[in-house]
Amino acid sequence: MPALDAIVLATSPYRETTLIVSLLTRSEGVIRVLARGARRKGKVQAAFEAYAWVRGEFRLPAASGKLGTAGGVGLVKSWDYLRRDLARLAYAGVGLETLGRLAEEAPPEPYYFEEACRFLTVLEDAAGPGSVLVALLLRLLHHAGFPPHPGEGLDPAAPPATCFHHFATHRLEIARPEPDRHDGDAHRYHVMPLSGEMVRAIGEGLRRPPPLDGSWQLPARAGREALTWLIRVWEDHLNHVLKSAEFLERMVLGSRARRGPR
């Protein structure tokens with residue numbers, strides 16, 4: 001079995017001492033394996049805690065949708081700060097879930113694993129952990145090739161008081177589209193109002209990927225809005241509701257109205 005580096009994305013119980021583990025690997029993308037004995041207390045159990053960086057031997061699944069097996073797994077780094085700081089744990093959850101879902105849909109490449117390690121390392125000591133998550137989500141949009149871009153006549157350095165993100169075209173526009181004449185509410189699910197203050201704050205991040213080193217900071221109010229918006233953007237692109245976003249909303253952002261049908 002090949003030795004692989006991996007980040008633990010999620011676990012679920014399988015049998016009395018066995019876990020099903022979802023892993024973001026450096027070279028094989030996302031895999032799911034059976035980890036026998038992983039529910040027993042000790043070093044093996046610690047290695048499979050959420051977001052741990054592990055190294056071990058994994059028999060890869062024989063086919064898509066099948067389970068591989070884990071053996072000889074050791075802990076490389078656990079990022080202990082996540083167990084002491086629920087807010088940073090919430091930020092980490094959204095970042096890692098987004099990374100994992102994107103890596104599942106893309107060909108295997110080291111980028112996703114390396115970005116996850118960089119994100120978790122910087123998140124520990126960053127003065128603005130929310131800005132670190134915003135930077136990651138913007139970087140992933142650039143890497144995937146579909147960052148939102150200003151529509152004609154919109155200067156992100158000096159936007160008007162309100163802009164609208166058109167999800168169908170990935171564009172930020174000044175004018176809100178007219179409602180569909182057959183469904184007066186239809187436009188709600190295809191655009192999202194954004195404050196000019198927030199668009200101005202992230203303008204540089206729309207043009208090029210922001211650094212993921214803790215130096216890129218947003219004002220608190222703009223950062224909160226940017227996170228709500230970027231979660232919606234990624235849920236739309238992935239066609240998947242980010243489960244970790246609910247925890248982030250309760251712990252950090254406060255409750256938000258659930259969006260309409262997708």
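Reader: What should I know before I start?

Author: This is a predicted model, where local features need pLDDT of at least 70, side-chain atom pairs count only at pLDDT 80 or more, and totals for chains, interfaces and linings use all residues. Residues are numbered from 1 along each chain as its sequence is written, and side-chain values use heavy atoms, with hydrogens and water left out.

Reader: How many salt bridges does a search of the whole structure find?

Author: Start with the idea. Side chains of opposite charge can pair when their charged atoms come close. A salt bridge is a side-chain nitrogen of Lys or Arg within 4 Å of a carboxyl oxygen of Asp or Glu. The search of the whole structure finds twelve.

Reader: Which residue meets Asp5 in a salt bridge?

Author: Arg55 does, at 2.8 Å from N to O. Asp5 lies in strand S1 (residues 3-15) and Arg55 in strand S4 (residues 53-59), so the pair ties together parts that are 50 residues apart in sequence. Helices (H or I, at least four residues) and strands (E, at least two) are DSSP runs, numbered from the N terminus.

Reader: Is Asp5 buried or exposed?

Author: Buried means under 20% relative accessible area, exposed over 50%, and partly exposed in between (1.4 Å probe, protein chains only). Asp5 has 15% relative accessibility, so Asp5 counts as buried. Arg55, at 43%, counts as partly exposed.

Reader: Which residue does Arg88 meet in a salt bridge?

Author: Asp85, at 2.9 Å from N to O. Arg88 is buried at 15% relative accessibility. Asp85 is partly exposed, with 25%.

Reader: Where do Glu115 and Arg118 lie?

Author: Both are in helix H3 (residues 110-125). They are three residues apart, about one turn of the helix. Glu115 is buried at 0% relative accessibility, while Arg118 is partly exposed at 35%. Elsewhere, salt bridges that share partners join Asp5, Arg26, Arg55 and Glu114 into one network.

Reader: In what sense do S1 and S4 pair?

Author: Two strands pair if DSSP finds at least two bridges between them. S1 and S4 pair in the antiparallel sense over five bridges. Asp5 stands opposite Arg55 in S4, and Ile7 has Trp53 as its bridge partner there. S4 also pairs with strand S5 (residues 68-77), again antiparallel, over six bridges. On that side, Arg55 stands opposite Gly74.

Reader: What do the five strands close into?

Author: A barrel, in the order S1-S2-S3-S5-S4, with mixed pairing. The twist averages 50 degrees from one strand to the next. H3 packs on the sheet and touches S1, strand S2 (18-25) and S4. The direction of H3 makes about 80 degrees with that of S1. Contact here means heavy atoms within 4.5 Å.

Reader: How do the axes of H3 and H4 cross?

Author: Two packed helices are described by the angle between their axes and the distance between the axes. Axes are lines fitted to C-alpha atoms, for helices over the stretch in contact, and angles run from 0 to 180 degrees between N-to-C directions. The axes of H3 and helix H4 (residues 129-144) come within 10 Å and cross at roughly 165 degrees. H3 and H4 are therefore roughly antiparallel (an angle over 145 degrees).

Reader: Which residues in H3 meet H4?

Author: Among them are Tyr111, Glu115, Arg118 and Phe119. The H4 side includes Pro129, Leu136 and His143.

Methods
Parallel < 35°, antiparallel > 145°, perpendicular 65-115°, else oblique.
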